[in-house]
Amino acid sequence: MTTNFETLTLKPFNPQKIQARKIDFQFSTDIPRIWHYDGLITTHFINGISLFLPGFESFMVRVLKDQLSNIKDSELKRQIAGFIGQEANHGRAHHQYNQILRQQGYKFETWLKFMDFILIEIMEKRLGSKICLASIAGFEHLTTLLAGIILKVNMLESTDPRVRSLWEWHAVEEIEHSSLAFILLQETDNSYWLRAIGGVLGAGLALGFNIVGMFLLVIQERGFFSWKSLIELKRLLFTKYKLIPYGWKPLFEYLKFNFHPCNQDILLLAENLSLSLSRVEAN
Ligand SMILES: [Fe+2]
Ligand SMILES: [Fe+2]
């Protein structure tokens, strides 16, 4: 039932030296179905992200591995290898978590197959490696932004510690490697239009996958459609966690000509959290 943060102590947060930290998550079916104290909307907003992550992170690993042989700079190559390792670990941890959702009775297999079809048959086979890489850079911008908001508003405070650990670890590593896909894209092809179209595609796909996944889980709850759910949705998006007020402007900053994904405030936030996660193990 414990989560091992020892590796975080051994490999502290360091955006200059990306390394995979393998964490042994011990999920079990006694995680409550509605594990977020705000209710089913917030729970399934976050579960909906978990549903698409194993597929999306495998997609990223395949695309980035393909790029490795084209990278001339040995330091960048080493960083990208660390980035691939982190994403592969995230995908595995979320797959493990999704197994618990399955055991709790949620149905989503057709949805997973559909998302794989989009990523493999359309993105990889039809659109090609450059647009895939550009969409990954846009997706990474979105994940960094979301990770930053989750940490900033303490969205996971007082929730089930096993679920909280999974997301805080993931959020810290997303922020740590936040600039790498963008830098790799610039090295490969620095066309503004490739970045912009790929960015819209990557962020749009992730948002679409999240919303549909959340909806598919929410409708499997009894009494899902109620005033309480609508009020909770309003709190999530506008009043308590403020995802839209905090998120929309930085999201579109990606389309500025001079955009670069370096944000020291977010880095500092993740560094502090990384240290506090290390203390969990020390206690
Ligand atoms: Fe990730
Ligand atoms: Fe990432």
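Student: What does "buried" mean here?

Tutor: Buried means under 20% relative accessible area, exposed means over 50%, and partly exposed is in between, with a 1.4 Å probe and protein chains only. By that rule, Glu176 and Arg21 are both buried. Remember that this is a predicted model: local features need pLDDT of at least 70, side-chain atom pairs count only at pLDDT 80 or more, totals for chains, interfaces and linings use all residues, and side-chain values use heavy atoms, without hydrogens and water. Residues are numbered from 1 along each chain as its sequence is written, while chains are lettered from A and ligands numbered from 1 in the order in which they are written.

Student: What makes the contact between Glu176 and Arg21 a salt bridge?

Tutor: The side chains approach to 2.9 Å, N to O, and a salt bridge needs a side-chain nitrogen of Lys or Arg within 4 Å of a carboxyl oxygen of Asp or Glu, so the pair qualifies. Glu176 sits in helix 6 and Arg21 in the loop between helix 1 (6–10) and helix 2, 155 residues apart. Helices here are DSSP runs (H or I, at least four residues), numbered from the N terminus.

Student: How do you know that Asp30 and Arg162 also form a salt bridge?

Tutor: Their closest N and O atoms are 2.7 Å apart, which meets the same cut-off. Asp30 belongs to the loop between helix 1 and helix 2 and Arg162 to helix 6, so this pair ties together parts that are 132 residues apart in sequence.

Student: How many salt bridges does the structure hold?

Tutor: There are 13. One of them joins Glu109 and Arg102, with 2.6 Å between the closest N and O atoms. Glu109 is partly exposed at 37% relative accessibility, and Arg102 is partly exposed at 25%. Elsewhere, shared partners link Arg21, Glu173 and Glu176 into one salt-bridge network.

Student: Now the metals. What makes a residue a donor of the iron ion (ligand 1)?

Tutor: A donor is an N, O or S atom within 2.8 Å of the metal (3.2 Å for Na, K and Ca), and water is not among the atoms, so sites may look incomplete. Glu57 (OE), Glu87 (OE), His90 (ND1), His170 (NE2) and Glu174 (OE) lie 2.0 to 2.3 Å from the iron ion (ligand 1), so they qualify as its protein donors. Along the chain, their spacing is E-x29-E-x2-H-x79-H-x3-E. Glu87 also bridges to the iron ion (ligand 2), and the two ions lie 3.8 Å apart. Glu57 comes from helix 2 (residues 40–68) and His170 from helix 6 (residues 161–176), so that pair ties together parts 113 residues apart in sequence. Both Glu57 and His170 are buried.

Student: How do you know that the span of helix 8 agrees with its number of residues?

Tutor: The expected span is 1.5 Å times one less than the number of residues. Helix 8 (residues 192–218) has 27 residues and should span 39 Å; its end C-alpha atoms are 38 Å apart, which agrees.

Student: What makes one space a pocket and another a cavity?

Tutor: On a 1 Å grid over the protein atoms alone, a cavity is a set of points where a 1.4 Å probe fits but cannot get out; a pocket is an open set with protein on both sides within 12 Å along at least five of seven lines, and lining residues have an atom within 4 Å of a point. Grid points are joined across faces, edges and corners, and a volume is the space filled by probe spheres set on them. The largest pocket has about 860 Å³, and 38 residues line it, with Phe45, Leu207, Asn210, Ile211 and Leu243 nearest its centre. Helix 5 supplies the largest share of that lining, eight residues. As for cavities, two reach 30 Å³ or more; the largest holds about 40 Å³, and helix 5 gives the most to its lining, with four residues.

Methods:
Helix = DSSP H or I, 4+ residues; strand = E, 2+ residues; numbered from the N terminus.
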